[in-house]
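Visitor: Please take a close look at one part of this model, the surroundings of the ligand. Which residues surround the ligand, and which elements do they come from?

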Amino acid sequence: MIRDARPADLEQIIAIEHENFNRPWSEISFLNEFKKNKCDFLVYEENGHVAGYIIFWYILDEAELANIAVGKKHQRKGIAAKLFNTCLKKHPEVSMIYLEVDKTNTGAICLYERLGFKTTGNIKNYYGKDKDAQRMALSL
Ligand SMILES: CC(C)(COP(=O)(O)OP(=O)(O)OC[C@H]1O[C@@H](n2cnc3c(N)ncnc32)[C@H](O)[C@@H]1OP(=O)(O)O)[C@@H](O)C(=O)NCCC(=O)NCCS
């Protein structure tokens, strides 16, 4: 089931974030997402537990995929694709979606290419010294 994230989910969300990222978002960063207006913060719940989440910022016809992660034991079951497609369905007005991804994150880049994203450029040192980002965009 996909539903809005709640503050009570934060412990599980943060555990998934730490399991997946070397530079995880802080608790404060996640808490701030609850206060934003033009933001979908959704979780995929399975058997009462959070298996993954997405943070999708939108304004007019543009959006930014700000964060997406799935717990390691739940990966490759289509959860990220379902979370992303739920955001698309909620915002038919959105026609361009942008994101940045670590250039070495081949799994995420495969997901984004599968969803139709194209690489539009690189951002040097985006994640720290010599840690470049790949900028990607999806035109709908
Ligand atoms: C990237 C991530 C969100 C994908 O989540 P997921 O639920 O496993 O992805 P899905 O099952 O929806 O994948 C859909 C398709 O994307 C592609 N894909 C997803 N993960 C992949 C991987 N690790 N390697 C290769 N292709 C992958 C595949 O084509 C997959 O379809 P298939 O399983 O039928 O081959 C997950 O691996 C993750 O949480 N990674 C760590 C966090 C992260 O890097 N987030 C992105 C930050 S920019």
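Guide: The ligand is surrounded by 18 residues, the closest being Gln75, Ala80, Ala81, Gly107 and Cys110; a residue is near a molecule if its C-beta atom, placed from the backbone, lies within 6 Å of it. The model is predicted, with local features requiring pLDDT of at least 70 and side-chain atom pairs pLDDT 80 or more, while totals for chains, interfaces and linings use all residues. Residues are numbered from 1 along each chain as its sequence is written.

Two or more residues of the shell come from each of β4 (62-70), α3 (79-90) and α4, where helices (H or I, at least four residues) and strands (E, at least two) are DSSP runs numbered from the N terminus. The largest contribution, five residues, is that of α4. Helix α4 (residues 106-115) lies largely in the open, because one of its 10 residues is buried, that is, has 20 or more other C-beta atoms, placed from the backbone, within 10 Å of its own. Glycine 116 follows α4 and has a positive phi, near 110°.

The ligand lies between domain 1 (1-93) and domain 2 (95-140), because both give residues to its shell; the bounds come from an automatic or database domain assignment. The C-alpha centres of the two domains are 17 Å apart. Nine residues of domain 1 are in contact with eight of domain 2, contact meaning C-beta atoms, placed from the backbone, within 7 Å. On the side of domain 1 that touches domain 2, β4 and α3 each supply at least two residues, and β4 has the largest share, four residues.

Definitions and conventions
Buried ≥ 20, exposed ≤ 12 C-beta atoms within 10 Å, placed from the backbone. Contact = placed C-beta atoms within 7 Å.
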